[in-house]
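Subject: Structure for your review

Dear colleague,

Please find below the structure that I am handing over to you. My notes on what was found in it follow directly after.

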Amino acid sequence: MRGDFVKFKLTVFRFNPANDPEPHYQNFDLDVTEDTTVLEALLYIKENLDESLTFRSSCRMGQCGSCAVRINKRAGLACKTFVKDVLVDGSLLVEPLDHLEVIRDLVVNMDPFFQSIRAVRPWRITDLTAGEFMGIPKIPPQDLEQMIENKQCILCAACYSDCNVIDVDRTFLGPAALVEICRFICDPLDASEGRLREAVDQGLFKCPVDQECEVACPRKIDIRRSVVEYLRYRSVVEGVGPLPQHRAIVQSVLETGGSVPVIGTPALDLFPEYIKNFEGEPQDEIVLFTGCIINRRQQPVAKAIIEIFQNNRVAVHLPKGQTCCGSPFMRTGQRDAMKPFVTKNFTIFNEYAEKGIGKVLTSCSGCNSTFRKDYPKLAKEYGIPINFEIYDVGEYMERKIRLNTQDLKPIKVKLMYHYPCHIMASGLEEEIYLNLIQKIPGVELVRVPKSGWCCGGGGGVRSAFPELADRLASRRIEIAQEFGVSGLVTNCPFCMLQFTRVLEQKEKKGEIVGFKLYDFYQLFAESYNPSYKSEKTLSFEDS
Ligand code: SF4
Ligand code: SF4
Ligand code: FES
């Protein structure tokens with residue numbers, strides 16, 4: 001052991017079914033150095049303080065996957081996690097993996113996890129009737145990369161533990177099984193048939209692509225884009241995907257120009273192309289991309305964003321020709337339909353950049369992650385240059401301007417922030433938004449112990465599996481309620497729509513009273529201008 005010793009409290013889940021009527025937690029006061037791992041702390045307890053503490057470990061170097069546990073509510077490998085990196089106020093909580101029955105203390109029964117892997121035939125099927133072997137077939141570079149990445153899986157079940165869908169639907173295959181399927185889909189020597197059909201039947205389209213599995217994965221496998229969305233793409237190419245509801249969304253975009261019906265006057269018609277309602281020179285000029293939902297049914301959010309920028313002396317350009325970002329296509333495997341969207345939007349942004357307005361801001365987290373993570377690859381493929389920068393509105397408020405906090409007036413409310421998965425997918429940290437919210441005087445912010453509880457609104461799940469989406473949203477609202485907050489605040493229109501729908505259902509059944517949803521931007525606009533009235537989000541049903 002090297003370095004200075006630090007004292008900390010380790011709380012461990014304990015349960016011995018032979019003796020304990022109920023599970024309980026036990027505290028240990030320990031000293032650690034900066035290179036002590038969670039596994040070493042557990043071993044120290046076992047060797048010096050309580051030999052009955054039971055957990056699994058083997059290689060102690062991140063190779064065997066046996067030491068996976070939940071550390072401060074998130075799954076990870078005990079042997080690869082340094083105590084100093086996960087301490088919160090000098091304390092650490094270690095619990096067994098979720099979604100698997102506890103055998104004793106931190107040891108779980110892994111059978112359901114391994115059954116999910118066995119169910120997808122995780123072996124290469126060779127065609128012995130194919131005649132003489134004619135050499136190794138060429139593997140496209142992307143497939144080769146994917147095969148190599150997927151072979152990194154050590155079957156630790158961390159992703160299975162943290163999977164949002166498994167939490168509410170045990171028929172879902174789970175992320176590790178999808179990684180296995182992808183491995184063989186990319187393998188040209190695999191002669192099996194029907195893997196993609198089976199993947200679709202076993203829930204490939206149930207995943208809201210929230211990436212919790214990726215956060216948990218010690219091998220950092222790119223599960224969302226390179227596994228789930230890639231398998232969806234391959235299923236579309238092979239004609240076994242997407243689901244009929246996803247085809248209908250594409251049809252709606254092609255016929256009406258947007259993924260949701262228009263309610264009221266679209267934001268692009270409500271406001272002029274150039275908005276500057278303050279005296280003097282602007283401190284900056286930006287291009288605002290509203291996305292379908294804010295343009296077509298959440299116009300008050302567009303109004304709120306404009307209000308925020310006027311209070312910060314930022315002039316806004318609202319290009320009239322902007323079109324759907326195409327996210328519903330990408331998320332459901334319909335990548336080949338993306339070209340018109342990429343071409344139109346990026347051509348507009350490049351034209352503004354030529355005039356010296358090179359910052360494009362999105363108000364929808366889904367548009368942001370699509371522009372940031374999907375468009376650059378596609379634009380390269382289509383030969384479209386990118387001469388501008390993409391920001392999320394909140395990111396811009398926190399990082400690109402000196403935010404006017406002097407004019408923010410108090411709003412007395414106790415809230416929990418819901419961190420949208422698409423904001424995470426853009427690589428934007430939760431802290432950005434927590435910091436911003438805390439700038440509004442009077443707002444008491446309750447930190448969620450573990451972010452990543454999904455609203456169920458993404459990845460095409462709401463349209464194809466509405467009940468599953470509702471179970472996810474309902475669970476998220478209940479978690480907020482447990483912490484005694486009066487509402488959830490978020491900055492994603494999909495999350496807002498999904499929560500609104502479920503909250504209305506709960507209100508009708510009398511299950512919830514006085515709980516509110518707050519749109520992040522409307523909260524700010526109201527704080528700048530108390531006469532600005534936040535308006536209720538319309539739910540999916542209001543069309
Ligand atoms: S993205 Fe979320 S729901 Fe999908 S497999 Fe990963 S953890 Fe499960
Ligand atoms: S995908 Fe990652 S988290 Fe899931 S079992 Fe494999 S290594 Fe573990
Ligand atoms: S003990 Fe093998 S991965 Fe941790």
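The model is a predicted one. I begin with an open sheet of 4 strands, whose order is 14-13-15-16 and whose pairing is parallel. Its edges are strand 14 (443-446) and strand 16 (516-519), each of which pairs on one side only. From one strand to the next, the twist averages 40 degrees.

Within this sheet, strand 15 (residues 487-490) and strand 16 run parallel and are joined by 4 bridges. One bridge can be named by its residues: Gly487 has Lys516 in strand 16 as its partner.

Two helices lie across strands of this sheet. Helix 23 (residues 493-508) lies across strand 13 (413-418), strand 15 and strand 16, and runs at about 165 degrees to strand 16. Helix 24 (residues 520-528) lies across strand 15 and strand 16, with an angle of about 75 degrees to strand 16.

A further open sheet is formed by 5 strands in the order 8-10-9-11-12, and here the pairing is mixed. Strand 8 (274-275) and strand 12 (389-392) are the edge strands, each pairing on one side only. Strand 8 runs antiparallel to strand 10 (residues 314-317), and 2 bridges join them. The bridge partner of Ile275 in strand 10 is Val316. Helix 17 (residues 365-382) lies across strand 9 (284-289), strand 11 (359-362) and strand 12, running at about 155 degrees to strand 12.

As to the overall division of the protein chain, the domain assignment gives domain 1 (6-107), domain 2 (111-129 + 137-237), domain 3 (257-399) and domain 4 (413-528). Domain 2 and domain 3 have C-alpha centres 33 Å apart. Their contact takes 6 residues from domain 2 and 6 residues from domain 3. On the side of domain 2 that touches domain 3, the residues divide into 3 nonpolar, 1 polar and 2 charged.

Finally, I turn to ligand 2. The ligand is surrounded by 16 residues, of which the closest are Cys153, Cys156, Cys159, Ala176 and Cys217. Two elements give two or more residues to this shell, namely helix 5 (158-162) and helix 7 (175-185). Which of the elements gives the most to the shell around ligand 2? Helix 7 does, with 3 residues. By class, the shell comprises 14 nonpolar, 1 polar and 1 charged residues.

Yours sincerely,
A colleague

How values were computed:
Residues numbered from 1 in each chain as written. Chains lettered and ligands numbered in written order. Predicted model: local features only at pLDDT ≥ 70, side-chain atom pairs only at ≥ 80, totals over all residues. Near = placed C-beta within 6 Å. Nonpolar A, V, L, I, M, F, W, Y, C, P; charged D, E, K, R; others polar. Domains from an automatic or database assignment. Contact = placed C-beta atoms within 7 Å. Pairing = 2+ DSSP bridges. Axes fitted to C-alpha atoms, helices over the stretch in contact; angles between N-to-C directions.
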